[in-house]
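Hi everyone, thanks for coming. Have the picture open while I talk, and I'll take you through a few spots.

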Amino acid sequence: MGKSQRVAILGAGSWGTALALVLADNGHDVRLWTHNKVQADVINETHRNERYLPNVELSSSIKGFYQLDKAIENTEIIVFAVPTKAMREVAEQVNKVCHGSKTIVHVSKGIEPDTHLRISEIIKQSLSETILKDLVVLSGPSHAEEVVLRHPTTVTAASDQIQAAEMVQDLFMNQHFRVYTNLDVVGVEIGGALKNIIALAAGITDGLGYGDNAKAALITRGLAEMARLGTTLGANPLTFSGLTGIGDLIVTCTSVHSRNWRAGNLLGKGKKLDEVLESMGMVVEGVRTTKAAFQLAQKLDVSMPITEALFHVLFNDVSPKEAVDQLMSRVKTNEMEDLVNILGEHHQTESK
Ligand SMILES: NC(=O)C1=CN([C@@H]2O[C@H](COP(=O)(O)OP(=O)(O)OC[C@H]3O[C@@H](n4cnc5c(N)ncnc54)[C@H](OP(=O)(O)O)[C@@H]3O)[C@@H](O)[C@H]2O)C=CC1
Ligand SMILES: O=C(CO)COP(=O)(O)O
């Protein structure tokens, strides 16, 4: 086991709490920050986070914090684990109270609507250069509910600085939680964000009572459109065949743990978006990401038919059944066209 580090995790929802447990298992000093004072007190008194991870005992080396300045004081590493919609606000708060330079890790999956920024870009805009030593994204197929049971899980630490990715690999890696590295930050962030759109769609087709054929179609054609947008933004196409692409698509489209799949399932069964989101009580990132990806695809003229169909279901009152019918009656096309174009463009960029 490596040297013990002081780490602040910002956001005490399911993922922040599960990662706190991984880091505590690895012998690190973990401060779990929440904007809810009662929640911080309860974590310290009971060593539990009942709302987000019921029945999980947290190590006493995980300390709950309510004051942000105290949570990050004298830490080497700050992990952002709040939903995408809170990322800018929390990063700006950190910028006001943080002293010294830190390795920043983010573990969230989304794209900001209207600005179309990835999370690492929001963080770079919000933190001063004196604070931001390195920036690493940790992403992959990893439901919090299974991580806390210490079931085998694999994820990717991506950074354009390989030493930073390796440092984060060492920080989190253990017998149950295996971490790979990747230099492709764009591909890793885009894969993690867009798979939630496809998981919502897979939940919808399951809710409509369609079977495994429909789900397999969504996963494979979803991957094609994820790679199409990702490579247009500069990602390496091969990243989409890795943990943060197909890996996260599989886990999110097929697991009952997925909030995106569950929300889609209720929509497919005829529930309205507002009531679905209210009933979840946790973040469903795919809803906002659908809006952001739809806007981005239009701006960059990238074909994303599943995203477009879901956008109209979520925001324009198109029924799920009608959306599927429209997808199935699109003009005929060649399956490989995408792949050839994507690989060809990447090859040309690489050889320049
Ligand atoms: N859960 C999982 O298995 C995984 C999640 N992720 C990603 O991690 C990110 C976080 O998700 P997750 O933990 O599951 O979400 P949850 O809904 O479980 O928890 C979100 C947490 O963020 C807090 N929060 C919300 N808004 C703010 C704010 N403005 N300031 C401070 N805290 C805030 C919430 O506080 P409050 O209780 O007050 O609402 C809550 O503690 C998402 O991007 C998700 O896609 C990635 C991999 C796995
Ligand atoms: O990202 C996740 C698993 O890798 C969690 O997915 P949900 O947000 O759909 O629960």
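**Two helices side by side**

So, α14 and α15 are roughly antiparallel to each other, which here means an angle over 145 degrees. Helices are DSSP runs of H or I with at least four residues, numbered from the N terminus. Before I go on: this is a predicted model, where local features need pLDDT of at least 70, side-chain atom pairs count only at pLDDT 80 or more, and totals for chains, interfaces and linings use all residues. Residues are numbered from 1 along each chain as its sequence is written, and chains are lettered from A and ligands numbered from 1 in the order in which they are written.

Back to our pair. The axes of α14 (residues 305-315) and α15 (residues 320-328) come within 9 Å and cross at roughly 155°; axes are lines fitted to C-alpha atoms over the stretch in contact, with angles from 0 to 180 degrees between N-to-C directions. On the α14 side, the contact is made by P305, I306, A309, H312 and V313, and α15 brings P320, A323, Q326 and L327. Contact means C-beta atoms, placed from the backbone, within 7 Å.

Now S14, which sits in helix α1 (residues 14-25). Is S14 buried or exposed? S14 counts as buried, because it has 23 C-beta neighbours inside 10 Å, and the cut-off for buried is 20 or more. Setting aside neighbours within four places in sequence, S14 touches Y52, L53, A144 and M282 by that contact rule.

Last stop, ligand 2: α10 gives the most to its shell, with three residues.

Note on methods: Parallel < 35°, antiparallel > 145°, perpendicular 65-115°, else oblique. Contact = placed C-beta atoms within 7 Å. Buried ≥ 20, exposed ≤ 12 C-beta atoms within 10 Å, placed from the backbone.
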